[in-house]
Amino acid sequence: MGRGKIEIKRIENSSNRQVTYSKRRNGIIKKAKEISVLCDAKVSLIIYASSGKMHEYCSDSTTLADMLEQYHRLSGKRLWDAKHENLSNEVDRIKKENDSLQIKLRHLKGEDITTLTHRELIALEDALEQGLACVRHQQSEIVKTHRRNHKMLEEENKELNFILQQREMALAAENVKEAEYYQRLRDYSSQAQSFPYRVQPFQPNLQDHI
């Protein structure tokens, strides 16, 4: 008995739907590869599952970008709007500008200058001289700033040394005063010891009155 026809409608069971998707996806990709090899055809295939996962195939002899460009040219249809077209143009402009800057940078380094004309070489020389003048000016400003900071540090150091000397002198004066004070105490004590107390002969003896 032959296989019965399968009604083409959405498979409600999610497990069966996923199994059928995997089988048929692999079958479509297999057929795309076969027709590309057997018939030397250019084939590009993109499949999105319901989950959003993408599967793709493109013939070895081409790329997806080339396929889209050929489609645009033959069908006259554009797959993106003017906004994306402007964005693409802006990207191209930035790439060209970057390439131009890279060339100028090599010229400033003295590389690839054999193809430059006399006027271009003069303009390059002027640019280098202006750049060198700016570098020298900046270098001079840095040296001036360094000297100014060094002078300020020297003045602050002198001021701190002066304050330190004043404090040391004040401390020394206090030590001298303190030493003189203790010396006077010692002198006074020695003088007091050289004059002993004497009992007056006319002073009655207290024991006689007892």
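**View A. Contacts of Ser59.** Beyond its neighbours within four places in sequence, Ser59 contacts Ser36, Ala41, Lys42 and Val43, where contact means heavy atoms within 4.5 Å. This is a predicted model, in which local features need pLDDT of at least 70 and side-chain atom pairs count only at pLDDT 80 or more, while totals for chains, interfaces and linings use all residues. Residues are numbered from 1 along each chain as its sequence is written, and side-chain values use heavy atoms, with hydrogens and water left out. Ser59 sits in the loop between E2 and helix H2 (64-75); helices (H or I, at least four residues) and strands (E, at least two) are DSSP runs, numbered from the N terminus. Ser59 is buried, at a relative accessible area of 2%. Buried stands for under 20% relative accessible area, exposed for over 50%, and partly exposed for values in between (1.4 Å probe, protein chains only). The side chain of Ser59 reaches the backbone nitrogen of Val43 at 2.7 Å. A polar atom of that side chain also lies 3.5 Å from the backbone oxygen of Ala41.

**View B. The largest nonpolar core.** This core has 8 residues: Tyr21, Ile29, Ala32, Val43, Leu45, Ile47, Ala49 and Tyr57. H1 and strand E1 (44-48) each supply at least two residues of this core, and H1 gives the most, with 3 residues. A nonpolar core is a set of buried Ala, Val, Leu, Ile, Met, Phe, Trp, Tyr and Cys residues joined through side-chain atoms within 4.5 Å. Not counting residues up to four places away in sequence, Tyr57 touches Ile29, Ala32, Lys33, Ser36, Val43, Ser44 and Leu45. In soluble globular proteins, nonpolar side chains tend to be buried together.

**View C. A nonpolar surface patch.** Ile46, Tyr48, Met54 and Leu64 make a nonpolar surface patch of about 370 Å². Patches consist of residues with over 30% relative accessible area and no salt bridge; like charges are joined within 9 Å, and nonpolar side chains (Val, Leu, Ile, Met, Phe, Trp, Tyr) within 5 Å. Accessible areas come from the Shrake-Rupley method with a 1.4 Å probe, and for residues only the protein chains shown count as cover. Met54 belongs to strand E2 (residues 54-58). Met54 is partly exposed, with a relative accessible area of 39%.

**View D. The salt bridge of Glu34 and Lys31.** The closest N and O atoms of the salt bridge between Glu34 and Lys31 are 3.9 Å apart. A salt bridge is a side-chain nitrogen of Lys or Arg within 4 Å of a carboxyl oxygen of Asp or Glu. Glu34 and Lys31 are 3 residues apart in helix H1 (residues 14-39), so about one helical turn separates them. Glu34 is partly exposed, with a relative accessible area of 30%, whereas Lys31 is exposed, at 56%.

**View E. Further salt bridges.** The structure holds 5 salt bridges. Arg10 forms one with Glu12, the closest N and O atoms being 3.2 Å apart. Arg10 is exposed, with a relative accessible area of 52%, and Glu12 is exposed as well, at 63%. Asp112 pairs with Arg106 in a salt bridge whose closest N and O atoms are 2.9 Å apart. Asp112 is partly exposed, with a relative accessible area of 48%; Arg106 is also partly exposed, at 31%. Glu90, Arg93 and Glu97 are linked in a network of salt bridges.

Methods:
Polar contact = N/O pair within 3.5 Å; in protein donor to acceptor, adjacent residues only side chain to side chain.
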